[in-house]
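Please examine the structure shown below together with its sequence.

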Amino acid sequence: MAAPERAPGLKYAHIVGWGMAVPERTLTNDDLAAFVDTSDEWIRTRTGIHERRIAGARESTATLGLRAAQAALDLAGMLPGEIDLIVVATSTPDYVFPSTASLIQGWIGATRAGAFDLSAACTGFVYALEMASQAIRAGSIEAALVVGAETMTRVLDWSDRNTCVLFGDGAGAVALRAADRPGGVLACTLGSDGSGADLLAIPNGSSGYDGAAPDGANGFHKLSMDGRGVFRFATRIIGAAVTQALEKAGVDLDEVALIVPHQANQRIIEAAAKQLKVSSERFFSNLASYGNTSAASIPIALCEAVEQGRIRPADKIVLVGFGGGLTWGAAALEWPEELPPEPDRWDQRRRGVIYTLARLRSRLMRQWWRVQVWLAGGAAWFEPAPPESQPQPNRLQRFWRRLRRRPPQK
Ligand code: UT7
């Protein structure tokens, strides 16, 4: 299949670094069976999951995302100051705002970067990759960080065996850089069908949705799912999305070394392989160890596939996701010909210093914002407020004015 013509001057978005982070704490199927009506046998045979990771009290979507992002930057040899854009795909952000992306941006000191979160459920990473690589292709940015990070176990109803056995926590990230030579993210396809919105949802009480009472009743902020409905949708959409992305990229399925799907259920992966008439060996799966980590599942799987030698330099691969929305998406990629060199000790130390300084800067800036607010506020007790029509001097300006008004000392 011939690759489609590209307009001259367009750049290519190459993946130059990748990294992942998962919590230490493991919850096995047997652990789950101790407090919910399920069994290791049922979970293994119906889903392929053996265990999942659970975020600790001091971990969050943002801290897991940070660790994955730093690992990707370290591998890429990319400094935080080079990054133009950070996109974090997540359905479990620490805050509605500030975005998880802004938190990570501040912590690593990516002072030149724009940052935002993207919500497309389990397809989020593919959406985020497409947004960042389009910006690179169009020439508006040079370097980007794309993160998928989740703490799904914080939105689970632990008494609902239909959902609580499926999900886990973690994060994965890739660093992208513009290049003139062909390769990298070749083509993406994205889709959505809101008529299936009820199949998979996390209600948000703050928008006035009446099914979600703010006191935590009615499943407020808890995930609900029609498992069979999502299963049917997933087995139908994966093959179609992979075929569409490959057509756009001008790549034959035979040329694809590995398909990295969203990790939701081993039976879904096997059904998709059957539909595409390829061996399920050509689909990567690490579901057994992590369960479904939503937007983090594809980048985590990507990192492990590289580590296990399942992806080699210059390989053509496909990432494919599906999930709430309903949403789906696939990306055809060409892996870099040369793997980045291992960061040496000196480079690691330099990065350690940069990250420490960035954290320090972030803390100092936070205090500085407080000082500025303090200086700008409290006008009523400092001196009478001027009429509203006039611009009000802030506390610092009033302080200097008073100093200047003071009679000279004899
Ligand atoms: O990122 C996308 C997120 N979601 C998905 O991808 C989910 C897609 N769906 C699935 O993976 C599967 O539908 C599930 C794993 C959720 C369920 O598997 P299933 O084979 O579709 O089971 P089912 O819902 O048809 O339920 C079969 C039986 C039911 O019992 P009855 O009604 O036959 O007596 C369930 O109550 O299995 C029961 N069941 C369980 N039994 C033990 C459901 N969950 C459990 C459980 N342990 N955890």
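Which residues of helix α8 (residues 266–276) are buried? In α8, they are I268, I269, A272 and L276. A residue is called buried if 20 or more other C-beta atoms lie within 10 Å of its own, exposed if 12 or fewer, and partly exposed in between, with C-beta atoms placed from the backbone. Helices (H or I, at least four residues) and strands (E, at least two) are DSSP runs, numbered from the N terminus. Viewed down the axis of α8, the buried residues fall within an arc of 100 degrees, so they line one face of the helix; the arc is that of the directions from the helix axis to the C-beta atoms. The cover over these buried residues includes α7 (227–249) and β11. Following α8 comes K277, whose phi is positive, near 60 degrees.

Two conventions apply throughout. The model is predicted: local features need pLDDT of at least 70 and side-chain atom pairs count only at pLDDT 80 or more, whereas totals for chains, interfaces and linings use all residues. Residues are numbered from 1 along each chain as its sequence is written.

The chain contains 13 helices and 13 strands, and buried residues make up 45% of its 410 residues. Two residues are in contact if their C-beta atoms, placed from the backbone, lie within 7 Å. Among contacts between residues at least 6 apart in sequence, 77% join residues at least 24 apart.

In soluble globular proteins, nonpolar side chains tend to be buried together. The largest nonpolar core here has 120 residues, and A72, A144 and V318 have the most contacts inside it. Such a core is a set of buried Ala, Val, Leu, Ile, Met, Phe, Trp, Tyr and Cys residues joined through C-beta atoms within 7 Å. Leaving aside neighbours within four places in sequence, V318 is in contact with V242, A245, L246, V256, I259, A330, A331 and A332.

An open sheet of four strands has the order β8-β13-β12-β11, with mixed pairing; two strands pair if DSSP finds at least two bridges between them. β8 (184–192) and β11 (256–261) stand at the edges with a single partner strand each, so one side of each has no neighbour in the sheet. On average, neighbouring strands of this sheet are turned by 15 degrees against each other, direction ignored. Strands β12 (residues 316–323) and β13 (residues 327–334) run antiparallel and are joined by eight bridges; G321 has G329 in β13 as its bridge partner. The loop between β12 and β13 holds L326, which is joined to G325 by a cis peptide bond with omega about -10 degrees. Helix α10 (residues 297–307) lies across β11 and β12, at about 140 degrees to β11. Axes are lines fitted to C-alpha atoms, for helices over the stretch in contact, and angles run from 0 to 180 degrees between N-to-C directions.

Strand β4 (residues 85–89) has five of its five residues buried, so the rest of the structure largely encloses it. L85, V87 and A89 are buried on one side of β4, and I86 and V88 on the other. β4 pairs with strand β5 (residues 114–118) in the parallel sense over five bridges, and I86 stands opposite A115 in β5. In the loop between β4 and α4 is P98; the peptide bond from F97 to P98 is cis, with omega near 5 degrees.

Helix α4 (residues 100–108) meets helix α11 (residues 345–376), their axes coming within 6 Å and crossing at roughly 115 degrees. G106, W107 and I108 of α4 make the contact with Y355, A358, R359 and S362 of α11.

G65, in helix α3 (residues 61–76), counts as buried because 34 C-beta neighbours lie inside 10 Å. Apart from residues up to four places away in sequence, G65 touches V88, T100, I104, V147, A149 and A171.

Most residues other than glycine have a negative phi, and most peptide bonds are trans. A121, not a glycine, has a positive phi of about 50 degrees and is buried, with 23 other C-beta atoms within 10 Å. A314, also not a glycine, has a positive phi of about 70 degrees, but counts as exposed, with 11 C-beta neighbours inside 10 Å.
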